[in-house]
Amino acid sequence: MNIWVDADACPNVVKEILYRAAERLGVKTVLVANQFLQTPSSAFVSAVQVPAGFDVADNYIVQKSVPGDLVITADIPLASEVLEKGAHALNPRGEFYTPENIRQRLNMRDFMDQLRGSGIDTGGPAKLNQQDRQQFANQLDRFLVKHVVR
C-alpha cells in the first residue's frame with residue numbers, strides 16, 4: 001500500500017503528519033505536484049514533479065494508484081476517480097470520501113461552481129484549524145492501523 005498526496009494544495013501541517021506516519025510505519029508516501037517540493041530525507045517519502053497543466057498531478061495519481069492505496073486530496077473529482085479504482089481517499093480535514101458520499105459531494109461542488117460562474121461569491125473553505133488537524137491525524141492513524149500494521 002502506498003500513500004499518494006495531491007500536494008499542490010495540501011497544507012504543510014498535513015504533510016508533516018504524513019511524513020511522521022511514513023517513517024513510523026514504513027509506508028511509502030509520494031507527494032505529487034507541479035512544482036518542486038522539499039521533502040525530508042527518507043526512504044519512505046518522495047516527491048514527483050509533474051509538468052504544469054490542468055489536472056496533470058491528478059491524472060498522475062489516478063494512473064499510479066492501485067486498489068488499497070490511500071490518496072490524500074481535497075479534490076473531489078480526483079477522489080471520485082481513485083474510489084472507482086478501489087483506492088481510498090481522505091481529505092486534509094480528516095473526512096473520508098466513500099462510494100456512499102462522493103456523488104453528493106460532486107453535486108455540491110458542481111452547484112457551487114455554477115454559482116461562482118454566475119458571479120456569486122461563494123467564499124472558500126475555512127482555514128484548517130487545530131480540530132481539523134487532529135481529525136486528520138486520527139483518521140490517518142485508524143486507517144494505517146487497519147491496513148498496514150499487522
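Which residues of the largest nonpolar core touch the most other members? I looked this up first. I3, V5, L18, I72, F136, L140 and L144 do, in a core of 25 residues. I took a nonpolar core as a set of buried Ala, Val, Leu, Ile, Met, Phe, Trp, Tyr and Cys residues joined through side-chain atoms within 4.5 Å. Buried means under 20% relative accessible area, exposed over 50%, partly exposed in between (1.4 Å probe, protein chains only).

Notes on the source. I am reading a predicted model, where local features need pLDDT of at least 70, side-chain atom pairs count only at pLDDT 80 or more, and totals for chains, interfaces and linings use all residues. Residues are numbered from 1 along each chain as its sequence is written, and side-chain values use heavy atoms, with hydrogens and water left out.

I checked which elements give two or more residues to the 25-residue core. They are β1 (2–6), α1, β2 (28–33), β4 (70–72) and α5. Helices (H or I, at least four residues) and strands (E, at least two) are DSSP runs, numbered from the N terminus. The largest share, six residues, comes from α1. I then listed the neighbours of L18, leaving out residues up to four places away in sequence. L18 touches I3, V5, I72, F136 and L140, with contact meaning heavy atoms within 4.5 Å.

**Helix α3.** I went to residues 76–84 next. I76, L78, A79, S80, V82 and L83 are buried there. D75 caps the N-terminal end of α3, with a side-chain oxygen 2.8 Å from the backbone nitrogen of L78. Just after the helix, G86 takes a positive phi of about 95°.

**Salt bridges.** How many salt bridges are there? I count two, the rule being a side-chain nitrogen of Lys or Arg within 4 Å of a carboxyl oxygen of Asp or Glu. One joins D141 and R24, at 2.8 Å from N to O. D141 sits in helix α5 (residues 130–147) and R24 in helix α1 (residues 12–25), 117 residues apart. D141 is partly exposed, at a relative accessible area of 32%.

D132 and R93 form a salt bridge too, with their closest N and O atoms 2.6 Å apart. D132 lies in α5 and R93 in the loop between β5 (88–90) and β6 (96–97), so the pair ties together parts that are 39 residues apart in sequence. Is D132 buried or exposed? I have D132 as buried, at 14% relative accessibility. R93 counts as partly exposed, at 23%.

**D69.** I found D69 in the loop between α2 and β4. D69 is buried yet has no salt bridge. What is the nearest side chain of opposite charge? It is K85, 7.5 Å away. For charge, Lys and Arg count as positive and Asp and Glu as negative; His and the chain ends are not counted.

I looked for other partners of D69. Its side chain reaches the backbone nitrogen of N2 at 2.9 Å. A polar contact of 2.9 Å joins the side chains of D69 and W4. That term covers a pair of N or O atoms within 3.5 Å; within protein, one must be able to donate a hydrogen and the other to accept it, and residues adjacent in sequence count only if both atoms are side-chain atoms. Leaving out residues up to four places away in sequence, D69 touches M1, N2, W4, K64, A87 and H88.
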